[in-house]
Amino acid sequence: MILFLGVRPGKSEIIQLQGVSCPHCGNMQTMALYNTPHYFHLFWIKIFPVYTNCLVECSHCKRVYYKEEFTEEMKQAIP
């Protein structure tokens, strides 16, 4: 019997961060938080979440900030 199992990403949740300026370009109200859960799957059926990827992207300059790079302003704006 062949088992198809592994980890694959789920649907991303996008949250606009209010009152946060981009450290790279300085624009306000352009930052969005992307939460992407990754699920263990068996035969392409999601069983349970394994981990979640969090990143913030500026919609103006397209700069991406990973969790280790979050500023205090970003951390405070995350709900």
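**The ring side chains**

F40 is partly exposed, at 23% relative accessible area. Here buried means under 20% relative accessible area, exposed over 50%, and partly exposed in between, with a 1.4 Å probe and protein chains only. This is a predicted model, in which local features need pLDDT of at least 70 and side-chain atom pairs count only at pLDDT 80 or more, while totals for chains, interfaces and linings use all residues. Residues are numbered from 1 along each chain as its sequence is written, and side-chain values use heavy atoms, with hydrogens and water left out.

The whole structure holds three aromatic pairs. In F4 and F43, the ring centres are 6.0 Å apart and the planes meet at 70°, so this pair is edge-to-face. It ties together parts that are 39 residues apart in sequence, because F4 is in the segment before β1 (5–9) and F43 is in the loop between β3 and β4. F4 is partly exposed at 39% relative accessibility, and F43 is partly exposed too, with a value of 33%. F40 and F48 make another aromatic pair, a stacked one, with 5.4 Å from centre to centre and 20° between the planes. F48 has a relative accessible area of 42%, so it counts as partly exposed. The rule for such pairs covers rings of Phe, Tyr and Trp (for Trp, its six-membered ring): the centres must lie within 6.5 Å, and planes under 30 degrees apart count as stacked, over 60 as edge-to-face and the rest as tilted. Ring pairs also join F4, F43 and W44 into a cluster.

**The hairpin and its partners**

The strands β3 and β4 form a hairpin with two residues between them, and F43 in the turn has a positive phi of about 55°. Strands here are DSSP runs of E with at least two residues, helices are runs of H or I with at least four, and both are numbered from the N terminus. β3 and β4 run antiparallel and are joined by twelve bridges. Two strands are said to pair if DSSP finds at least two bridges between them. One bridge puts H38 together with Y51 in β4.

β3 has other partners as well. β1 pairs with β3 in the antiparallel sense over five bridges, and R8 stands opposite Y39 of β3. Strand β2 (residues 13–16) is also antiparallel to β3, over four bridges, with I15 standing opposite L33.

H41 sits in strand β3 and counts as buried, at 8% relative accessibility. Apart from residues up to four places away in sequence, H41 touches F4, L5, G6, V7, R8, K46 and I47, where contact means heavy atoms within 4.5 Å. A polar atom of the H41 side chain is 3.4 Å from the backbone nitrogen of W44.

**The nonpolar core**

The largest nonpolar core has eleven residues: I15, L17, V20, C22, M31, L33, V56, C58, Y65, F70 and M74. β3 (31–42) and β4 are the elements that give two or more residues to this core. A nonpolar core is a set of buried Ala, Val, Leu, Ile, Met, Phe, Trp, Tyr and Cys residues joined through side-chain atoms within 4.5 Å.

C58 belongs to strand β4 (residues 45–58) and is buried, with a relative accessible area of 0%. Beyond its neighbours within four places in sequence, C58 is in contact with C22, C25, T30, M31 and R63. I15, another core residue, touches M31, A32, L33, N35 and P79 when residues up to four places away are not counted.

**The whole chain**

Read along the sequence, the pattern of the protein chain is β-β-β-β-β-α. Its radius of gyration is 16 Å, well over the 12 Å that the globule rule gives for 79 residues, so the chain is more spread out than a compact globule. That radius is taken over C-alpha atoms, and the globule rule is 2.2 Å times the number of residues to the power 0.38. The C-alpha trace spans about 55 × 20 × 20 Å along its principal axes. Of the 79 residues, 28% count as buried. Among contacts with a separation of 6 or more, 49% are between residues 24 or more positions apart.

Technical notes
A polar contact is a pair of N or O atoms within 3.5 Å; within protein, one must be able to donate a hydrogen and the other to accept it, and residues adjacent in sequence count only if both atoms are side-chain atoms.
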